[in-house]
Amino acid sequence: PAATPTIKSSPAPKPPSTTPAYLVTWCQLKIGETSSAVLAAMGPTRGHKASNYHIPGQTTDEWDVGIDILLASFSKGVAVSLNAYAGQVGPQRATNLGCQASRP
């Protein structure tokens, strides 16, 4: 009888990550990082959707990308909070992150 050809199976390719690079970078930021380190990681600030929510006595940098509003607040040049919102600042935090939307 004729030999049946063997079919080698290879692992399925991994699908590309659906998380945008800026969100991956955002999730890698930590409380206690310096303002210059955060800016180096995230790039120049852009946007002002949350300018009414900046906390007096703190410096806040903002990145508005798509529907995401990313806010890093600093006291004396050190990150004290990292918050991500979906569409607008309010109780609804961003849900498309790979990390907590609010890191005090």
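Of the 104 residues in this chain, 32% count as buried. Keep in mind that the model is predicted. The chain exposes about 6,900 Å², and 58% of that comes from carbon and sulfur atoms.

As for the layout, the chain has two helices and four strands, and along the sequence they run α-α-β-β-β-β. Take contacts between residues at least 6 apart in sequence: 35% of them join residues at least 24 apart.

Let's start with helix H1, which spans residues 21-28 and has Leu 23, Trp 26 and Cys 27 buried. Looking down the axis of H1, you'd find its buried residues within an arc of 95 degrees, so they line one face of the helix. The general rule behind this is that an α-helix has 3.6 residues a turn, so residues three or four places apart point the same way. On the face of H1 turned away from the buried side sit Ala 21 and Gln 28, both exposed.

What do the buried residues of H1 pack against? Here are the partners:

| Partner | Residues |
|---|---|
| Helix H2 | 35-42 |
| Strand E1 | 59-65 |
| Strand E2 | 68-75 |
| Strand E3 | 78-86 |
| Strand E4 | 102-103 |

Now for the inside. The largest nonpolar core has 17 residues, and Trp 26, Val 38, Met 42, Trp 63, Leu 70, Ala 72 and Leu 97 have the most contacts inside it. H1, H2, E1, E2 and E3 each supply at least two residues of this core. Apart from it lies another core of five residues, including Ala 50, Ile 69, Leu 71 and Tyr 85.

Leu 70 is worth a look too: leaving aside neighbours within four places in sequence, its contacts include Tyr 22, Leu 23, Trp 26, Met 42, Trp 63 and Ala 84.

Definitions and conventions: Residues are numbered from 1 along each chain as its sequence is written. This is a predicted model: local features need pLDDT of at least 70, side-chain atom pairs count only at pLDDT 80 or more; totals for chains, interfaces and linings use all residues. Side-chain values use heavy atoms; hydrogens and water are left out. Buried means under 20% relative accessible area, exposed over 50%, partly exposed in between (1.4 Å probe, protein chains only). The arc is that of the directions from the helix axis to the C-beta atoms. Contact means heavy atoms within 4.5 Å. Accessible areas come from the Shrake-Rupley method with a 1.4 Å probe; for residues, only the protein chains shown count as cover. A nonpolar core is a set of buried Ala, Val, Leu, Ile, Met, Phe, Trp, Tyr and Cys residues joined through side-chain atoms within 4.5 Å.
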